[in-house]
Amino acid sequence: MEIPVFTVDAFTNLPFKGNPAAVCPLVHELTYELYQKIAAEMNLSETAFITRINPSDSFTTGSRFRLRWFTPTTEVNLCGHATLAAAAVLFQCKENVNSVVVFETRSGDLTVTQQGEGYLMDFPLNSPTQENPSEFRDVIMAAVGNHPVQDVYLCSNTKNLLLRLADSCDRSQSKESCRETDATSLMTFLHNGVKTWSVLTGLKVDHVALQSSDRSGRIMGVILTMKGSPDEQPGYDFYSRYFAPWYGVPEDPVTGSTHTILGSYWSKHLGKKRMLAYQCSSRGGELELEVRDDGRINIAGQTVTVLQGTIRL
């Protein structure tokens, strides 16, 4: 058996940036075990598998497909960057003739539309609820240490905990304590504290300790976020990082699915429907968001295909 495979960097227009996903267009469904083995072999945060729904369609002519996503250890219910990557494979590599494709997934129908040099995804909006920080004390300590946290929210249906860092470090924090925390933070030390974005990018999260901080099954991922600088170019409204060691993903470089939560949270706190977001992992990636009135969110981004090959079984 030969299975085509593509590696696509999502939410970027540059190779080796954004979030890489493996994409396998399949003529036939595989066993669950084989899906999982291929995803483990690819060893990326997600591998996407596309299958035809109508046997008479091809990947070039079809407009509706089935889509599944696997991390190296498990199948997941929603994945943004691998959906973007799957659409890119259909439109760019398979030269799909349609302007819109629909994926049937565990999270319902997901529509992807060609838009300029990128793609627009129609995703469900996931609204989190505010929680008592004391209930997640161990998780907070493992994720951010002693850095001040302004908000704690939980999205129960995705099992993601959102931690918003305070807009600045505590004003009593000394230069010496900043130096012990992170050298990058010290570079942006001001008389009234340390700029939060520097603290976020400089955080060294121990994914083993983070996973050990909660064994209840209530949490499967931690989102760290902070307010952006929309008045400074390129005008990001907020920043984030995402850690999901419970899914076998220590840190996900750029995560479309978490922005269904972040979009809901920041839209309410900023009073905005349209936002520009940046996920500030080491690879980094940019997402354009539009929160809609129908309980959905548009997520737009670009892709770069960096590899094409064949899996032989």
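Select methionine 1 first: you'll find it in the segment before strand E1 (2-10). Helices here (H or I, at least four residues) and strands (E, at least two) are DSSP runs, numbered from the N terminus. Bear in mind that this is a predicted model, where local features need pLDDT of at least 70, side-chain atom pairs count only at pLDDT 80 or more, and totals for chains, interfaces and linings use all residues. Residues are numbered from 1 along each chain as its sequence is written, and side-chain values use heavy atoms, with hydrogens and water left out.

Is methionine 1 buried or exposed? Methionine 1 is exposed, because its relative accessible area is 55% (buried is under 20%, exposed over 50%, partly exposed in between, with a 1.4 Å probe and protein chains only).

Zoom out next. The protein chain has eight helices and 20 strands. Its C-alpha trace spans about 65 × 40 × 35 Å along the principal axes, and 54% of the 313 residues count as buried.

For the inside, select Ile50, Trp69, Phe103, Val222 and Leu224: these have the most contacts within the largest nonpolar core, which has 79 residues. Such a core is a set of buried Ala, Val, Leu, Ile, Met, Phe, Trp, Tyr and Cys residues joined through side-chain atoms within 4.5 Å. Another core, of 13 residues, lies apart from it; Ile3, Val5, Ala39 and Phe70 are among them.

Go back to isoleucine 50 and display its surroundings. Beyond four places in sequence, its contacts include Val23, Phe59, Leu90 and Phe103.

Last stop: glutamate 131, in the loop between strand E9 (129-130) and helix H3 (137-144). Glutamate 131 counts as buried because its relative accessibility is 17%. What does its side chain make a polar contact with? One partner is the side chain of threonine 129, at 3.3 Å; the side chain of arginine 218 is joined to that of glutamate 131 by a polar contact of 3.4 Å. (A polar contact is a pair of N or O atoms within 3.5 Å; within protein, one must be able to donate a hydrogen and the other to accept it, and residues adjacent in sequence count only if both atoms are side-chain atoms.)

Methods
Contact means heavy atoms within 4.5 Å.
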